[in-house]
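Here is a friendly tour of the model shown below, written for someone who likes to know how each value was defined. It begins with open space and then turns to helices, strands and backbone angles.

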Amino acid sequence: MDDSKQRHGSGSQRHKIALALQGGGSHGAFTWGVLDRLLEDAALEIIGFTGTSAGAMNAVVAADGLLRGGPEGARQRLREFWEAIGKMPGFGTPLWPLSGEAQSKVRLEQMPGYLAWEAATRNLSPYQLNPMDFNPLREPLTKLVDFERLRAEKELKVIVCATNALTSRRRTFDNRDISVDAVLASACLPYMFRSIIIDGEPYWDGGYTGNPAMLAILPPLPKSDLIIVRIDPIIRNDEPRTVGEIQDRVTEVSFNATFWLEVSYLGLLLKLKNRGFLDDRFTQRIDRLNFHCIEASPQFEKMPASTKRNNSPAFLKFLFDLGRTTAEEWLDRNREAIGKRSTLDLTKLVRLDLMEEADELIRESEVSVADSAAVDKEKPKRPVARS
C-alpha cells in the first residue's frame, strides 16, 4: 500500500464523502467542529471539498492536513488555523470575560469600537482605509497550507470559488490553479478588503455567486455522499432596522440566493430524472450520489449577524463545540443511510415557483407525448407496395 493509501485508509470498507462548506465569517468555526467529528470517524473517507469564504479556508486547511497526516493531521491543522484566528485582535476582544454562549447573544453593533468601524466603512472604502492592502488571513493560510502540494494532488479534490468584480461571473479554482490568493478572493467582502487580483482581474467574495459551488464538484466524484454544511441563516425573526442590520441581512439574502439557485437546479434535475425525462447517461451520473445536510439553523437564526465578526477564542470554541455536537447527533440519526440513500430530498427544497413551473412543463410534455402517440395510432397504415 502506498503512502496516500495509508493516509486515507484502504477505502474498501469506508464510505466516501465529499463536503460542501458554506461561508459565514467566524461562524465557520461551527464547520471546524463538524469536520473535526467527521474526521474522527474511521468509517468515513473524505475525497473532496468545495467551499466558499470561511468554507474555502476550512477546505484547504483540512485538505492540507489530510495530505500531510491523514485525519488526525487534518484535525490538528484545523485547530491551529482557528486558534490563530482567535489570537488576532478583533471586535470580540472586549468580550473576553463572557462565555462563548453569552457572546453568541451579543450584538457587536452596540459596542463603540464596532460602531466606529461601521461609520468608517460607510464613508471610506478599503482602498482608503487600508492603503497597504494588509489582509490578516494571508499569514495563517500561507503558514499552514502547502498550495503546491494541493496543486499536485490528483485524488483529493479541492474547489473554491470567487466572484469576478467586473463580469459578475463565478470562477471556480480547483487543484490545478488553487492558491492563497484564490482562497482570499473567496473570502473578500468588498467593504472590508480590497479586491484580490488574479490573472489581472479583481475578485470578490465567492458567496455572491456560489455558497458553495456545489455543481463544480459533482462531475469528478465517484459513487459517494455529498454532505452540505450550512451556516448562513435563511430565516430571521426580527426585522432589520439599523444600517448595519440591513447591510448584514442583504448579504445573507444574496448569499442564500446563490445557494438556493444551485439547490433548485439540482432538485429540478432530480425531479426530471424521476419522471424519466433524462437520458441514461445523466441518470447514472446523478444516481451515484447521495445528498445530506448538517446544520444548526435554529441556533444560528438567533445569533446576531454581527457575531460573524467575533473572533474571540471563547466564541470560536462555543461554535466548535456546537459543530461537533450537531455532527454527532446527525451521525447517530443517519449513519445507516451513508453510502445507501439521501437524507436530504433536494426536490423538496426547490423554490415553489420554480417547482410549479417545472410541473407545468412536465405535464405539458406528458400531454404532448400522449397526443403524439394517439395520433400515430390513429394514422391509417399505407399499404405495402408489392412488385
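## The largest pocket

The lining of the largest pocket divides into 21 nonpolar, 10 polar and 6 charged residues. In this scheme Ala, Val, Leu, Ile, Met, Phe, Trp, Tyr, Cys and Pro count as nonpolar, Asp, Glu, Lys and Arg as charged, and the others, Gly among them, as polar. This is a predicted model, in which local features need pLDDT of at least 70 and side-chain atom pairs count only at pLDDT 80 or more, while totals for chains, interfaces and linings use all residues. Residues are numbered from 1 along each chain as its sequence is written, and side-chain values use heavy atoms, with hydrogens and water left out.

The largest pocket holds about 1,000 Å³ of space. Of its 37 lining residues, Leu 137, Met 192, Phe 193, Lys 308 and Arg 309 lie nearest the centre. Helix α3 gives the most to this lining, with 5 residues; α5 (112–123), α6 (126–129) and α11 (243–274) are also among the elements that each supply at least two. A pocket here is an open set of points on a 1 Å grid over the protein atoms alone, with protein on both sides within 12 Å along at least five of seven lines; a cavity is a set where a 1.4 Å probe fits but cannot get out, and lining residues have an atom within 4 Å of a point. Grid points are joined across faces, edges and corners, and a volume is the space filled by probe spheres set on the points.

## The second largest pocket

About 300 Å³ of space lies in the second largest pocket. Its lining of 19 residues has Arg 107, Arg 236, Asp 238, Pro 304 and Ala 305 nearest the centre. The lining splits into 4 nonpolar, 3 polar and 12 charged residues. The largest share, 5 residues, comes from α11, and α13 (297–302) also supplies at least two.

The structure holds 1 cavity of 30 Å³ or more. The largest cavity has a volume of about 60 Å³. Its lining has 10 residues, with Arg 14, Leu 44, Glu 45, Ile 46 and Pro 71 nearest the centre. Two or more lining residues come from each of α2 (28–40), β2 and α3, and β2 has the largest share, 3 residues. By type, the lining of the largest cavity holds 6 nonpolar, 1 polar and 3 charged residues.

In α2, 12 of the 13 residues are buried, so this helix is largely enclosed by the rest of the structure. Buried means under 20% relative accessible area, exposed over 50%, and partly exposed in between (1.4 Å probe, protein chains only). The 13 residues should span 18 Å at 1.5 Å a residue, and the end C-alpha atoms are 19 Å apart, which agrees. That expected span is 1.5 Å times one less than the number of residues.

Helices (H or I, at least four residues) and strands (E, at least two) are DSSP runs, numbered from the N terminus.

## Strand β3 and its partners

Strand β3 (residues 157–164) has 7 of its 8 residues buried, so it is largely enclosed by the rest of the structure. β3 pairs with β2 (residues 44–51) in the parallel sense over 4 bridges, with Gly 48 opposite Lys 157. Two strands pair if DSSP finds at least two bridges between them.

β3 and β4 (residues 170–173) run antiparallel, joined by 4 bridges, and Cys 161 stands opposite Thr 172. They form a hairpin with 5 residues between them, where Ser 168 in the turn has a positive phi of about 70°. β3 also pairs with β6 (residues 201–204) in the antiparallel sense over 2 bridges; there Thr 163 stands opposite Trp 204.

## Backbone angles to check

Most residues other than glycine have a negative phi, and most peptide bonds are trans. Ser 53, in the loop between β2 and α3, has a positive phi of about 55° and is buried at 9% relative accessible area. Asp 199, in the loop between β5 (196–198) and β6, has phi near 55° and counts as exposed at 63% relative accessibility. The peptide bond from Asn 211 to Pro 212 is cis, with omega near 0°, and Pro 212 is found in the loop between β6 and α10 (214–217).
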